[in-house]
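I opened the model to look up its overall build first and then a handful of single residues. My notes are in the order in which I checked things.

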Amino acid sequence: MKKFTLSGNESLGIEFGSTRIKAVLINSGCEVLASGGYNWENRLEDGVWTYHADEIITGLKSAYAELNENVKAASGGYIKTLSGICFSAMMHGYLAFDKDDNLLVPFRTWRNTITGEAASRLTELFDFNIPQRWSIAHLYQAILNGEEHVREIAFFTTLAGYVHYLLTGEKVLGIGDASGMFPIDSTINNYDEAMLNAFSALPEVSRYPWDIRDILPKALPAGVVAGRLTEDGAALLDESGTLEAGIPLCPPEGDAGTGMTATNSVTVRTGNVSAGTSIFAMVVLEKSLEKVYEEIDMVTTPSGKPVAMVHCNNCCTDLDYWVNVLYDFAKRSGSALTKPEVYDLLYNSALEGEADCGGLVNFNYFSGEPVSHTEDGRPLFVRAHGAGFTLPNFFRAQIYSTMATLKIGMKILENENVKIDKLYGHGGLFKTPVVGQRLMAGAVNAPVSVMETAGEGGAWGAAVLAQYMNNSGAELEDYLSNTVFSACKSTTETPDKKDVEGFEKYMELYVKALEAEKAAYRNI
């Protein structure tokens, strides 16, 4: 580990991902100094995908403790003060509290597809797409269900907003994360007033003692101070007792916002694809879409610009299971291949496969996908008679399946004539060089770049937002382009005609085979 001296000008980003909580410390030049992490996994309990509240705290403490030990090893001392902190987490979901800060029901995560009725009604009411995972859909579904806890709500927020509140006492949220709770009006950088009024006027809502404006966190743009670390917050975060109170925190953001920051994709006609447990693409728009599409979320950048988002619940999980099976076979055969080497071998074999996978199709669905109108999921692999059942075709189908549902949503943007100059990729799908980039470029028919910083992901993006809080005289777009990424190296894969045509042919079979996927989850 490279040695360094703590100056107090460092910033800290901590992001709660779906499988890992990661903490990253950077210097004023946004270079990574140290990191730490904690692995966790969501649980399906009583039909609800959740994380336990005590594990949120345990994960927070553990990720910071590992970071702090690495800092001590490299600098000779623990972190004492910082120029800023930013918390980030999976967007959406539902964390509701009473007036005494008691969690009223277990955390309902983005992965749930249990708010269909609410999402449909609100989409019609607002003439604006409200996906099932949005916080307002969870709240309204609880109202429609007649859940007793609703009357006691004093505050509801996202996971990032909850952690920020624990450490600062401030009920705020970055505008990007807030845009996944309730629709944002980008002309005022705040919640949409007409929609707030429409929601409040619903008879089933107006009978409650709270007003929606009072229980939503305050939406704030990037660059402002959103609170300071309290004495209790410092003690909660740092069990070594070294960290001082008073450190400023920037608005807590969602993983979409930190992903945009980490890939310098906050300007119009740029976008990013985050591909890990879930996959989503975000494109910063020149103008709003002309129609409402239930497959497209309208959210914002951390500075409030409108963004079209295609979010899919399933990405690399099924692929990882197949790699584990094949890695187990390799070990049993006496092979000395490591798991990363098996990943690289399988990924690269996909480039030898037929462009359309030769009649193989794979569904990576562990849960439902609103974009493809599937209510639940069962991983499913199907092949036609006479299909080219080879390892290259098989693994190409595995990679295609990670982006197939995304393609359904991206096709809508294509039909809306949304221009995309470049997409930036980050996440596990792009860890093996070239392969994920090239196949994604063919899938979306646009250049896909991966930056050398992409491996640091959202936690690094969060730390950059914390640094931006101290440099916010410039627009976020200018700060990222001129300061953070001015010398950043990247690789770009442009669409190959054979890949584009092959993926289109694969999608024809994929869409037809969706009925088989639906039959699988209905009967198995």
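The entries below go from the whole chain to local sites.

**Ground rules**

I am working with a predicted model, in which local features need pLDDT of at least 70 and side-chain atom pairs count only at pLDDT 80 or more, while totals for chains, interfaces and linings use all residues. I number residues from 1 along each chain as its sequence is written, and side-chain values use heavy atoms, with hydrogens and water left out.

**Whole chain**

I looked up the secondary structure and found 17 helices and 22 strands. Helices (H or I, at least four residues) and strands (E, at least two) are DSSP runs numbered from the N terminus. The radius of gyration is 22 Å, close to the 24 Å of the globule rule for 524 residues, so the protein is as compact as a globular protein of that length. That radius is taken over C-alpha atoms, and the rule is 2.2 Å times the number of residues to the power 0.38. The C-alpha trace spans about 65 × 60 × 45 Å along its principal axes.

I then checked burial: 59% of the 524 residues count as buried. Buried means under 20% relative accessible area, exposed over 50%, and partly exposed in between, with a 1.4 Å probe and protein chains only. The accessible surface comes to about 20500 Å², and carbon and sulfur atoms hold 48% of that area. The areas come from the Shrake-Rupley method with a 1.4 Å probe; for residues, only the protein chains shown count as cover.

For contacts (heavy atoms within 4.5 Å), I took pairs at least 6 apart in sequence, and 72% of these join residues at least 24 apart.

**Asn27**

I found Asn27 in the loop between β2 (20–26) and β3 (32–39). Asn27 counts as buried, at 17% relative accessibility. Its side chain reaches the backbone nitrogen of Gly29 at 2.9 Å. The Asn27 side chain also makes a polar contact with the side chain of Glu31 (2.9 Å). A polar contact is a pair of N or O atoms within 3.5 Å; within protein, one must be able to donate a hydrogen and the other to accept it, and residues adjacent in sequence count only if both atoms are side-chain atoms. Beyond four places in sequence, Asn27 is in contact with Glu10, Leu33 and Gln467.

**His92**

Which residues does the side chain of His92 meet through polar atoms? I list a polar contact with the side chain of Arg133 (3.2 Å), and the backbone oxygen of Gly180 lies 3.2 Å from a polar atom of the His92 side chain. His92 is in the loop between β6 (84–89) and β7 (95–97) and is buried, with a relative accessible area of 2%. Outside four places in sequence, its contacts include Trp110, Trp134, Asp177 and Met309.

I looked up Cys316 in the loop between β17 (306–312) and α11 (317–332). Cys316 is buried at 6% relative accessible area. Leaving aside neighbours within four places, Cys316 is in contact with Ala275, Gly276, Thr277, Thr402 and Leu429.

With neighbours within four places set aside, Lys218 is in contact with Lys171, Val172 and Leu173.

**Helix α14**

Nine of the 10 residues of α14 (residues 435–444) are buried, so the helix is largely enclosed by the rest of the structure. Among the buried ones I list Val435, Leu439, Met440 and Val444. Just after α14, Asn445 takes a positive phi of about 55°.

**Other positive phi values**

I found a positive phi of about 55° at Asp46, which is not a glycine. Asp46 sits in the loop between β4 (43–45) and β5 (48–50) and is exposed, at 81% relative accessible area. Asn264 also has a positive phi, near 55°. Asn264 lies in the loop between α10 (255–262) and β14 (270–275) and is buried, at 12%.
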